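Work through the exercises below with the sequence and the structure open. Each task is followed by a solution in steps.

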Amino acid sequence: MPIYVYENLETGERYEFEQSFHEPAYTHHPETGAPIKRVIFAPAVVFKGSGWYIKDSKANGKKEKSESEAAD
């Protein structure tokens, strides 16, 4: 299950809660009842450069014929 970060609206303190994707976001701390909001972060993985997909895939996406298929 994913871990979400919440921030206390009164104190600015941050909490981590493990929740299912299907559960709605908390609006109040489950134990103290203090108002909280979910904090959104940038992704932990950042891809830089031209990317592996340019080097590892075919230029036009066309399937090249092998020598045995070309001979037929």
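Both Y15 and F17 are buried, where buried means under 20% relative accessible area, exposed over 50% and partly exposed in between (1.4 Å probe, protein chains only). The model is predicted: local features need pLDDT of at least 70, side-chain atom pairs count only at pLDDT 80 or more, and totals for chains, interfaces and linings use all residues. Residues are numbered from 1 along each chain as its sequence is written, and side-chain values use heavy atoms, with hydrogens and water left out.

**Exercise 1.** Classify the ring pairs of F17 with Y15 and with Y26.

Solution. 
- Rings of Phe, Tyr and Trp (its six-membered ring) pair if their centres lie within 6.5 Å; planes under 30 degrees apart are stacked, over 60 edge-to-face, and the rest tilted.
- The count under this rule is four aromatic pairs.
- For Y15 and F17 the centres are 6.2 Å apart and the planes at 35 degrees, so this pair is tilted.
- For F17 and Y26 the centres are 5.3 Å apart and the planes at 90 degrees, so this pair is edge-to-face.
- F17 counts as buried because its relative accessibility is 14%, whereas Y26, at 24%, is partly exposed.
- One aromatic cluster is formed by Y6, Y15, F17 and Y26.

**Exercise 2.** Describe the setting of H29 in the loop between strand 2 and strand 3.

Solution. 
- H29 is buried because its relative accessibility is 9%.
- A polar atom of the H29 side chain lies 3.0 Å from the backbone nitrogen of E31.
- Beyond neighbours within four places in sequence, H29 is in contact (heavy atoms within 4.5 Å) with Y15, F17, A34 and I36.
- E23 lies in the loop between strand 2 (14-18) and strand 3 (36-39), but is partly exposed, with a relative accessible area of 34%.

Note on methods: Helix = DSSP H or I, 4+ residues; strand = E, 2+ residues; numbered from the N terminus. Polar contact = N/O pair within 3.5 Å; in protein donor to acceptor, adjacent residues only side chain to side chain.
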